[in-house]
Amino acid sequence: MRTTVRRHLGKVVAGAAIAVTGTAVMVAITLPGTAGADDTAGRAGGAAASAAAGQQGGAGGAVPPAVVEAAPAEGDRGTGHDPLTDDEIRRAERSALSRQMMTAGEDVGGDRGPQRLGVDLAEPDAAEADDPNAPRRADVTYYDYRNDTLVTRTVNLATGTVERTGTQHGVQPPLSPEEQTEAARLLIADPLGAGLKADYRDATGKELTSPDQLLLASMVYRAVPGAEPAALDQCGEHRCVRLLPKVKDGPWIDARSLVVDLSTRKVSRLAG
């Protein structure tokens with residue numbers, strides 16, 4: 001059966017409506033990765049059929065135990081459209097981060113250097129689309145909190161050369177784990193995080209003091225005219241997030257009414 005967690009903690013959740021008042025409220029959320037009832041039934045039926053076949057076939061019909069083989073060794077460099085290797089990722093990161101970026105940029109915690117978001121295999125240039133020997137490139141993306149700029153640097157993996165740099169404003173890709181952690185840290189320390197901490201205490205009997213006590217998911221938040229306080233009007237230009245925290249080995253906590261502006265390091269509650 002599908003596993004669902006329901007903890008109201010004194011709040012009322014009626015149907016699909018979620019009333020968010022003074023604190024965050026536990027809601028019924030289907031846990032990721034759980035199978036549906038049909039999948040469970042299918043597996044149960046398959047297991048029963050296999051057991052029956054084994055009984056009818058005797059020892060000769062028994063299925064030998066599975067053998068786990070070691071993953072093949074990863075080379076230093078991939079070819080073609082192969083995923084980036086760990087070595088390629090490290091080399092792309094070293095090549096992409098210039099001294100100027102390190103000096104002038106700022107990460108999510110306010111330290112020097114822009115916040116790294118990810119490293120991905122770059123699409124080949126149009127003229128190289130059918131060339132099996134086209135150079136492999138990596139797109140390294142950063143978010144510079146000093147001026148709210150998304151920076152993408154494309155690195156030729158064979159030469160280590162940065163071939164192009166792109167900057168964009170108002171573009172907000174998914175948050176990195178470091179950004180999620182910093183958002184949770186700001187929320188826990190803010191007076192508006194009192195509801196989150198109260199729900200955590202009710203669920204575990206312990207005090208919530210660190211993001212390490214939670215499993216975190218997130219959604220980028222963009223300003224919607226008339227739907228939020230003025231403090232969130234810049235969300236979209238600023239890097240804003242709504243957290244989806246989960247108690248480790250426990251329930252989800254609905255904190256969607258709270259928005260953390262990572263650019264200003266302030267927490268606000270949505271109106272309504």
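Is Asp 249 buried or exposed? In this predicted model, Asp 249 has a relative accessible area of 84% and is therefore exposed, the cut-off for that class being over 50%. Asp 249 lies in the loop that runs between strand E10 (240-247) and strand E11 (258-261). Its backbone has a positive phi of about 60 degrees, although the residue is not a glycine. Most residues other than glycine have a negative phi.

A positive phi is also found at Asp 148, again a residue other than glycine, where the value is near 50 degrees. Asp 148 belongs to the loop between E6 and E7. With a relative accessible area of 13%, Asp 148 is buried, because the limit for that class is under 20%.

The protein chain as a whole contains five helices and twelve strands. Of its 272 residues, 35% are buried. Among contacts in the protein chain with a separation of 6 or more, 57% are made by residues 24 or more positions apart.

The antiparallel pairing of E5 with strand E6 (residues 137-144) extends over six bridges, and Val 119 stands opposite Val 140 in E6. E7 and E8 are likewise paired in the antiparallel sense, over six bridges. Here Thr 154 is placed opposite Arg 164 in E8. The hairpin of E7 and E8 has five residues between the strands, and in it Gly 160 takes a positive phi near 75 degrees.

Helix H2 (residues 86-96) has four buried residues, namely Glu 88, Arg 91, Ala 92 and Ala 96. These residues cover an arc of only 125 degrees around the axis, which puts them on the same side of H2. An α-helix has 3.6 residues a turn, so residues three or four places apart point the same way. The cover over the buried residues of H2 includes helix H3 (99-104) together with E5, E6, strand E7 (149-156) and E8.

A search of the whole structure finds one aromatic pair. The rings of Tyr 143 and Tyr 145 have centres 4.9 Å apart and planes at 65 degrees, so the pair is edge-to-face. Both Tyr 143 and Tyr 145 are buried. The ring of Tyr 143 also has a charged group over it: the charged end of Arg 239 sits there, 5.0 Å from the ring centre.

A further open sheet is built from four strands in the order E9-E10-E11-E12, with antiparallel pairing. Its edges are strand E9 (214-220) and strand E12 (266-269); each of these has a single partner strand, so one side of each is left without a neighbour in the sheet. Neighbouring strands of this sheet are turned by 35 degrees against each other on average, direction ignored. E10 and E11 pair in the antiparallel sense over two bridges, and the bridge partner of Cys 240 is Asp 261 in E11. The loop between E10 and E11 is the one that holds Asp 249.

Thr 181 is placed in helix H4 (residues 177-189). Its relative accessibility is 26%, and Thr 181 therefore counts as partly exposed. When residues up to four places away in sequence are not counted, Thr 181 touches Pro 211 and Leu 216. The C-alpha atoms of Thr 181 and Leu 214 are separated by 9.3 Å, the two residues being 33 residues apart along the chain.

Definitions and conventions. Residues numbered from 1 in each chain as written. Predicted model: local features only at pLDDT ≥ 70, side-chain atom pairs only at ≥ 80, totals over all residues. Heavy atoms only, no water. Phe/Tyr/Trp six-rings, centres within 6.5 Å; stacked < 30°, edge-to-face > 60°. Buried < 20%, exposed > 50% of the residue type's maximum accessible area, 1.4 Å probe, protein only. Lys NZ or Arg CZ within 6 Å of the ring centre and 35° of its normal. Pairing = 2+ DSSP bridges. Arc of directions from axis to C-beta. Contact = heavy atoms within 4.5 Å. Axes fitted to C-alpha atoms, helices over the stretch in contact; angles between N-to-C directions.
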